[in-house]
There are 2 protein chains.
Amino acid sequence: MKFEVLFRSKKSRARVGRIHTPHGIIETPAFVPVGTNGALKALDSVAVSNLETQIMFCNTYHLMIQPGEDIIEKAGGLHKFMNRTGPIITDSGGFQVFSLLYGGVAQELKSKGTKKRDSGVVKITEEGVTFRSYRDGRKIEMTAETSIGAQKKIGADLIVAFDELPPYHLSPENLKKSFERTHRWEKRSLDAHKADPRNQAMYAVIHGGMDRQLRKKSCQILGDQDFDGFGIGGSVGKDCPEMLQLLTDIMPFVPDDRPNHLLGIADLPALAGAIPLGVDTFDSAHPTKCARHGMALTKFGGLRILKSGNEILMQPIEIGCECYTCQNYTVAYINHLFKAHEMSAYTLMTIHNLHYMNRLMKKYRQDILDGLI
Amino acid sequence: MKFEVLFRSKKSRARVGRIHTPHGIIETPAFVPVGTNGALKALDSVAVSNLETQIMFCNTYHLMIQPGEDIIEKAGGLHKFMNRTGPIITDSGGFQVFSLLYGGVAQELKSKGTKKRDSGVVKITEEGVTFRSYRDGRKIEMTAETSIGAQKKIGADLIVAFDELPPYHLSPENLKKSFERTHRWEKRSLDAHKADPRNQAMYAVIHGGMDRQLRKKSCQILGDQDFDGFGIGGSVGKDCPEMLQLLTDIMPFVPDDRPNHLLGIADLPALAGAIPLGVDTFDSAHPTKCARHGMALTKFGGLRILKSGNEILMQPIEIGCECYTCQNYTVAYINHLFKAHEMSAYTLMTIHNLHYMNRLMKKYRQDILDGLI
């Protein structure tokens, strides 16, 4: 992997760059859609590539459980298995352990850190995490070494160090404990990666929760090691303003010779706020999930496909949009497909929203070059 | 509409023909996939056309209930609404009334003609049928005139006369009663159509159940009227051999100057048996439903995608197949998509099965021309 910064804004920390991977170049800032199971929901891999999706995010945890990393390796790696010729990034599985414990980010924030009763997580030790497969109940032990081992077999271009995701609501002592353990796990992940690099690149994950001092320390600890890039992980705040304040405070300490990635966040206000702070890539299931829930993203704002009146709106989702959906179908028809529970509704909406996101990021890159950001 | 017979087999009643419609030519024998709601399940209209689907079958009853024929008319007709440039046929709604009463063909055969208790059908009179919408419970009256009125607004190339579908298990007296009423309804349908032809063509539906004499009489009554083609409807037997025997007995009486269509049946043995008997077109949801249930149709036989062993089968569904699915994905990957409940599994399987059916019909046409059938 090679990272070039092509242009740095004079107005902000925003930058335009290029990440070179074995499967192609990622122009940054870039949006990274999430294809958890080695597939974007409602859209096949070739269609995703045709939408000029530069890189896809897949989840190691899910792929380990189904179909299993051994089958993917037998297929010649995830690219061949899912027929994606462009770059792929896999996460470490750490986030899914958090989800098992707390039921996801929104739920953790709501519950103020109360763990789910029947979480599936058996125990967390210095070694790693033991949990039960949501499919067949079998015990799975996930450690830095098994996570990286699986990510080797899966064979994404970019892989992520195994970390623990401490919740937003955590006492300072417990945050400190998690912080130290996570950095030991990340070091072990890097060692496992270096022992068998396979032309992959490894991102560290910067931790420290809302504690600025810990975040800075994390940047320093991880920056001193031979990671190829940096994820910004863990809880970054209970809402967008809190997150942007945290990023404002910590982005100057994230090593800027390597690319960085904001993990799991890419809604529109987050992008608008974080790009000027120097974030390079963003993954999120949000735009594609919105699509399946009937919310189209357009340059005129969100369009609720089921909104009253839309059953007779004989125009595309976004007038002037060049996506396949807007070139071929009206709001009225897609509204009908939703009401008739036709699966193609999800596909057509996903195509539009993904096209929108890729177009939006292109515009962000141009705006930085044009001195507007 | 114009119908040409290009070639008649010397070995059988099989024929190769061309149905000219305002939206293009249908080469017969042809398979007609079913897009009940103005959409094939799991595939958008342009994708369906790209698979060289010559004609699609949509259901008037479903379209009347959602989105309603008035919205479709406002969109400029069903072709514009769903963005299909090729031919479309709509049925009359009569079959759905039967489904409401008996729960479908298989269920009626099993129940030996016992009506469903809570059928949604309020009453059947000389005028027509009153039933309750499955969506909002409102009463809908369907008559020859309202069915044709709706089919005018929907604007398919081929429309079908309103008929009653008597069940397999029916006393001779009741079959006779239904037979007479159905022919009165069909006559009224033709009158309504002729009063406002709109460049559409109307098919009659030949009835008479398993009674050969009634079937022949139906051919004569309807053949004497100015219908553009003939559907073969009602119960045609409890299994494939019974159906083929019935078709053997009645096909010589179906007017052969106009095209005919076997309603609702297009499984592989039915096609193989009915094409030599002179059937021109066949509609069925079977091949696309098979796809969504994980059964791929191939020249080597059916392939159950979830069959044990297929999780590591790194080859296309059908080696040598030129469909998008086989060109891009392996059985192992599609097996994984099914297990991971990814919608794209249904799309990819549907593409393959539809491609298979269209290729199969092409082969049937060639085989007739080559004197093999």
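## Exercises on a two-chain model

Setting aside neighbours within four places in sequence, A:Tyr203 is in contact (C-beta atoms, placed from the backbone, within 7 Å) with A:Leu158, A:Val160, A:Ala161, A:Phe227, A:Asp228, A:Gly229, A:Phe230, A:Gly231 and A:His261. The model is predicted: local features need pLDDT of at least 70, side-chain atom pairs count only at pLDDT 80 or more, and totals for chains, interfaces and linings use all residues. Residues are numbered from 1 along each chain as its sequence is written, with chains lettered from A in the order in which they are written.

**Exercise 1.** Find the residues with the most contacts inside the largest nonpolar core.

*Solution.* Start with the core, a set of buried Ala, Val, Leu, Ile, Met, Phe, Trp, Tyr and Cys residues joined through C-beta atoms within 7 Å; buried requires 20 or more other C-beta atoms within 10 Å of a residue's own. The largest such core has 198 residues. Then pick out A:Tyr203, A:Ile334, B:Tyr203 and B:Ile334.

**Exercise 2.** Work out how chain A is related to chain B.

*Solution.* Superpose by least squares on the C-alpha atoms of residues with pLDDT of at least 70 in both. Next, look for the residue of chain A closest to the rotation axis: A:Met343, at 3.8 Å (C-alpha).

**Exercise 3.** Count the residues in contact between the chains.

*Solution.* On chain A there are 32, in contact with 33 residues of chain B. Helix 14 of chain A gives the largest share of its side, 5 residues.

Conventions:
Contact = placed C-beta atoms within 7 Å. Helix = DSSP H or I, 4+ residues; strand = E, 2+ residues; numbered from the N terminus. Buried ≥ 20, exposed ≤ 12 C-beta atoms within 10 Å, placed from the backbone.
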